[in-house]
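Okay, everyone, thanks for coming. Have a look at the sequence and the structure on the screen, and then I'll walk you through a few spots.

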Amino acid sequence: MQTGTQIGKYVIGKKLGAGGMADVYLATDSVMGRDVALKVLPPEFARDAERIHRFQKEVQASAALSHPNIIPVYDVGEAQVEGFTYHYYTMALLPGGDLKQRIEQGLTAEQSLSTIKAIAEALGYAHDKGLVHRDIKPENILFDESDRPILTDLGIAKAINSGTKMTGTGMSIGTPHYMSPEQAKGESDLDGRSDIYALGIMLFEMLTGQVPYQGDNTMAVGIMHIQNPLPKLPQYLNQYQGLLDNCLAKNKANRYQNARGLIQDVDKLLQGQTLRASQKTRIVQGAYTHHPSSNHQGLKWGIGGALIATLLVAGVYIYQQNISSKGYSSPSSQQAQTPIVSQTNVASSQPISSPKSEAELARARLAELAISRKLDELAKAAEADITALRLTRPEGNNALDKIIQIQVLEPDNKSATALKDELLSKLRTLTISAISKNEFDKAKGYITTINEIQPGYSRSSGLNDTLVQEQQSYERLLKKAADEKRKREQERQIKNYQRKVEQAIARNQFVLAKEYLNEANKISSDFQGKRQLEQMLSDAEYAYNNYERYVGKLIDIPAGNFAMGCSDGDMACNESEKPRINISIDSFKLMESEVTFSMWDLCVQARGCYQRPSDEGWGLNENPVVNVNYSDIVEQYIPWLRKVTRRNFYLPTEAQWEYAARAGSKWKFGWGKEFSEDKANCSECGSKWDNLQPAPVKSFAPNTWGLFDMQGNVWEWTSSCWKNDLSDWSVAKRVVDQCKKVVVRGGSYGSSKRGISLSFRNGISVNLKSSTIGFRLASDND
């Protein structure tokens, strides 16, 4: 039918499909203005009353049903076009394609179950209305725009050629690959259980991608539905076998009796529950369990029946009647033996069979010839299957099936025995090959097949022992490899934790270091290097917590802002103390007094410092160390002190020093606005050490923050390079580049009152060693 043709109120578009009885077109309803699917009976069938009856029956069946998963009928009618009568009806247009296309693309198990459930619900509704579909197949399941499966083509037999499937107009109702056994037998009393069988076939196809029974012709497929074993799903789909068995029982009395039972079990599977075949199904299924031996045992009876029915017909019966245990005799030899029989067996009680007619003997010879040819054909096919390794698969077309067929026709056939030996030998070779490749599950499968073909063969041939020994050896190797891999991973993790412990120790994060050490202990309680690491952590923590034996007490200096430079009311300020600038200081720690000779001596004893500086005869011990230059401090003493205390010690900047010395004071002296005697050691401070020598540390009262000797006694090195005034903010920074002169602050026992004021600055060569210069150190906060 041409595009644009008008049938009634419908304008024909493209053809959507064609079947054995009718064609389907995309059409536009010119009145309603919507696209529909128009199914039309070709005019050449318009004179065929049976076809018209079936067509009308489909329309009536569809129109009588209203279900979300059954295609709705919109309109029905007939029209004259160019002198031809067209019978048609219209229905909803389903743009989602059919189930066959989706099977070819691949479906998940969940998608398959959901589709089966939806169609089962539609069929259950139809069955309750007294209708049986009789032609369930993927091509009759379409999908709407929301991906909902829709059942179509109710009440008519329709067959569409597809691959190896046999169809044709005029055949029995249904499509061979989806026919129930009762349909294949031509029974007339069909009910909803035939549709359930077809659903089972369709479920198998959705899960595996192929129908379970395939043959060379319609009769072959029909016989398979009647007598072949129930199809077995692959192992990974085993959870759906019970559902499938309950759909495909050969006896419909053992299937689901209605769609509701099927739907309930589908719901269980979708919820993750297990499902088994019904007891009746399992009893019937006993002879059909789909492993090689039982499968082929059942096949003996099925193949025998099929061969007798389709190959020999009555000839086999005649052959069996004429071929006795004594062997077949030709007419001439029978005549030659007749006198002997009559002479020697006169008194015998054994009845003497009457001679066969020439027609009967001819039929017997034809039957024998047919069997002989079939045996030769099967033997050659079996040999080819063995060569091609079609040993027990695919089902229905493999060497073992053909050997069984030979044995059915002639139990003592020598070719069958030889072929079976060849088959077993090939399976043995495949088993050994699988074992050598460590494919033990495959080898076990081969051995199972071998034992089912010939019980005890694998044990007598040594395959069982070989499999066990090789598998155990392989498992030992796997275990060893896994152990080594686990050990390497543990070593890697432990090394990673060791590195983290060392890094945490270097940062004085001892709690974190212990956590990392505990994690390493969880992996191995006695890993290599554990004791050394624990000792390192213990030593570091001890050193960190016992720093006072090296530097005395550290004073916490709070963060804050202050005015650096000339003090309030100091009219004698030098230019080097100007301009007055505001400085922001972060919190830090500062030694409460200068480093003493006894502290320096610890460094010398530990070989961190190279020499003991001269005390000028004043005594060592708690006197501030003098006669050390800037380089001695930063290159010897500080590196050693950092190592033994785990703390980051450094010379304070000039700004840090003045901020700490002032301790919040804005005056020239830490104790107040005016000078007072006996507050410090300087040339005119009124102490017994004035202008003579340094006093022992802590000989005078500390400032407000607890710092001793910040004014007088000895000058103190800072880490700031000398600048002529305070206009350069570098006073707040540590020395980065080499500088020739470094700032010293605080004055000494030989300084004037002005020289020990809090803002007074002096620049000294980094190489100078003087009996008036010492130092104290700062440290970062914890």
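Predicted model: local features only at pLDDT ≥ 70, side-chain atom pairs only at ≥ 80, totals over all residues.

**A walk along the chain**

At the start of the helix, look for asparagine 629, where a side-chain oxygen comes to within 3.2 Å of the backbone nitrogen of serine 631.

Now, who is tucked away in there? The buried residues of helix 23 include Tyr630, Ile633, Tyr637, Trp640 and Leu641. What do the buried residues pack against? Among the partners are helix 20, helix 21 (548-551) and helix 22, and on the strand side strand 13 (649-650), strand 14 and strand 15 (741-745).

Here's a handy thing to remember when you look at any list like that. An α-helix has 3.6 residues a turn, so residues three or four places apart point the same way.

Okay, on to helix 18, residues 463-506. Its 44 residues should span 64 Å at 1.5 Å a residue, and the end C-alpha atoms sit 63 Å apart, so that agrees too. Among its buried residues are Leu463, Leu467, Ile494, Tyr497 and Val501. The buried residues of helix 18 pack against helix 15 (414-436), helix 16 (440-453), helix 17 (457-460), helix 19 (510-523) and helix 20 (530-545). After helix 18 you meet asparagine 508, which has a positive phi, near 60°.

Six strands make up an open sheet, with antiparallel pairing, in the order 1-2-3-4-6-5. Which strands stand at the edges? Strand 1 (6-7) and strand 5 (73-81) do, and each has a single partner strand, so one side of each is left without a neighbour in the sheet. Further in, strand 3 (residues 23-29) runs antiparallel to strand 4 (residues 34-41), and seven bridges join them. To find one on the screen, take aspartate 23: its bridge partner in strand 4 is valine 40.

Next, the cis peptide bonds. One joins arginine 393 and proline 394, with omega about 0°. You'll find proline 394 in the loop between helix 13 (358-387) and helix 14 (399-409). Another cis bond joins lysine 578 and proline 579, and there omega is about -10°. Proline 579 sits in the loop between strand 10 (560-564) and strand 11 (581-585).

Last stop: two loop residues with a positive phi. Glutamate 616 has a phi of about 60° although it is not a glycine. Its loop runs between helix 22 (597-605) and helix 23 (630-645). Alanine 663, also not a glycine, has a positive phi of about 50°, and its loop lies between helix 24 (654-662) and strand 14 (715-721).

Buried or partly exposed, what would you say for alanine 663? Alanine 663 is buried, with a relative accessible area of 10%, whereas glutamate 616 is partly exposed, at 40%.

That's my tour, so over to you.

How values were computed. Residues numbered from 1 in each chain as written. Heavy atoms only, no water. Helix = DSSP H or I, 4+ residues; strand = E, 2+ residues; numbered from the N terminus. Expected span 1.5 Å × (residues − 1). Buried < 20%, exposed > 50% of the residue type's maximum accessible area, 1.4 Å probe, protein only. Contact = heavy atoms within 4.5 Å. Pairing = 2+ DSSP bridges. Polar contact = N/O pair within 3.5 Å; in protein donor to acceptor, adjacent residues only side chain to side chain.
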